[in-house]
Amino acid sequence: MIHQLLRFEPILKSKIWGGQKLKTVLHKKATKKDVGESWEISDVQEDISIVNNGDLKGRALKGLIQEFKEQIVGEKVYLIFQDKFPLLIKFIDAKKTLSLQVHPNDILAQRRHNSLGKTEMWYIVDADKKAKIIIGFSEETDKKSFLKTVKSNDELALLNVDYVKKGDTFLVPSGRVHAIGKGVLLAEIQETSDVTYRISDWGRKDSNGKLRDLHLNLALDAIDYSAKSNYKAEYLKRKNNPSTIVDCKYFTTNYLHLTQDFIINNHDKDSFVIYMCVEGTVVFVYRNQHEKLRLGETILVPACIKNVTAITENAKLLEVFIK
């Protein structure tokens, strides 16, 4: 039986659009100036998370699941995913606007890449004044009309743009065109997949003076051309009581604002539970283990651990699990 709350060494990724906020705001040990992503929990091949605390320090997430199976992830999750951890957990810092992109659904990704698709969600941790994101279409369109705007470098003509602030949340299902705008720092929860189709990179060149590859033809068949009147996820911001932000087939994310010590009871969940600290500090206590989380830090509670005490005077957490 596993009796440890798990923390992992962040995997830092340099990006052409990355900045310094992962270091200056979230206290990541970044040595480069263009760090765009911190992979908090990953089972992506070549980037598998390593435990950095307790008796299991140095162990790979993959090996732990192979050894402890449903004790880590839950019976239902293990039945479906076996030894593969189903979620990829990140913090993202966009000093510059990311490419306009889309992710395929599971069926298309499996056929083309032998991979899961990618549905994801964003929680805005911080945002510069007038920072914005691109998400979905402003009106329903079709492949031909959208392709015309891309070819004429007028991509924004049909796209929806939202100005964002701290606490805003968005679900980005597979097929939804999107781009994180400059000045946005966010938490991202997604399926374990690294399949992205880049539609436009705004004419940007890399450090070698070359344009980055685009995947327009692949993207056109993956896009959902419908539109919504509102893309923002609405949720209750109550205290000391979880509020559901996103509840989809791939994951459920709750918002938990703690202003006092709190007993976390996960007896109703047949799943691991991940906590991402998006404001303040909190100490998780299980048996003799005390783990302090600051803004930008993440912890995984194995499925077999059902009761944890959270000690805090003020902390905002994202609580992530699979139903």
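Colleague: Into which domains is the chain divided?

Modeller: This is a predicted model, in which local features need pLDDT of at least 70, side-chain atom pairs count only at pLDDT 80 or more, and totals for chains, interfaces and linings use all residues. Residues are numbered from 1 along each chain as its sequence is written, and side-chain values use heavy atoms, with hydrogens and water left out. Domain bounds come from an automatic or database domain assignment. On that basis the chain is divided into domain 1 (6-222) and domain 2 (243-321).

Colleague: How much area do domain 1 and domain 2 bury between them?

Modeller: The centres of the two domains, taken over C-alpha atoms, are 22 Å apart. Contact (heavy atoms within 4.5 Å) joins 37 residues of domain 1 to 30 residues of domain 2. Buried area is the accessible area (1.4 Å probe) that two parts lose on being put together, summed over both. Of the area between these domains, 68% is on carbon and sulfur atoms, and the total is about 2,800 Å².

Colleague: Which three residues supply more than any other three of the area that domain 1 buries against domain 2?

Modeller: The share in question is 22% of the area that domain 1 buries against domain 2. The three residues that supply it are L6, R7 and Y123.

Colleague: Is R198 buried or exposed?

Modeller: UniProt lists R198 under "active site" in an unreviewed entry; its positions are given in the numbering used here, feature names are shortened, and annotations may be inferred rather than shown by experiment. R198 is found in strand β13 (residues 197-200), where helices (H or I, at least four residues) and strands (E, at least two) are DSSP runs numbered from the N terminus. Buried means under 20% relative accessible area, exposed over 50%, and partly exposed in between (1.4 Å probe, protein chains only). Because its relative accessible area is 18%, R198 is buried.

Colleague: Which residue has its backbone oxygen 2.6 Å from a polar atom of the side chain of R198?

Modeller: Leaving aside neighbours within four places in sequence, R198 is in contact with S99, L100, Q101, R212, D213, L214, H215 and L216. A polar contact is a pair of N or O atoms within 3.5 Å; within protein, one must be able to donate a hydrogen and the other to accept it, and residues adjacent in sequence count only if both atoms are side-chain atoms. The backbone oxygen at 2.6 Å belongs to D213.

Colleague: At what distance does the side chain of W202 reach the backbone oxygen of L98?

Modeller: W202 lies in the loop between β13 and α7 (216-220), and it counts as partly exposed because its relative accessibility is 34%. Not counting residues up to four places away in sequence, W202 touches T97, L98, S99, L100, I134, E155 and A179. The side chain of W202 reaches the backbone oxygen of L98 at 2.9 Å.

Colleague: Why are the buried residues of α2 on the same side of the helix?

Modeller: The buried residues of helix α2 (residues 61-68) are L61, L64, I65 and F68. They lie on the same side of α2 because the arc they cover around the axis, taken from the directions from the helix axis to the C-beta atoms, is only 100 degrees.

Colleague: What is the phi of K130?

Modeller: K130 is in the loop between β7 (120-127) and β8 (132-137). K130 counts as exposed because its relative accessibility is 66%. Although K130 is not a glycine, its phi is positive, at about 65 degrees.
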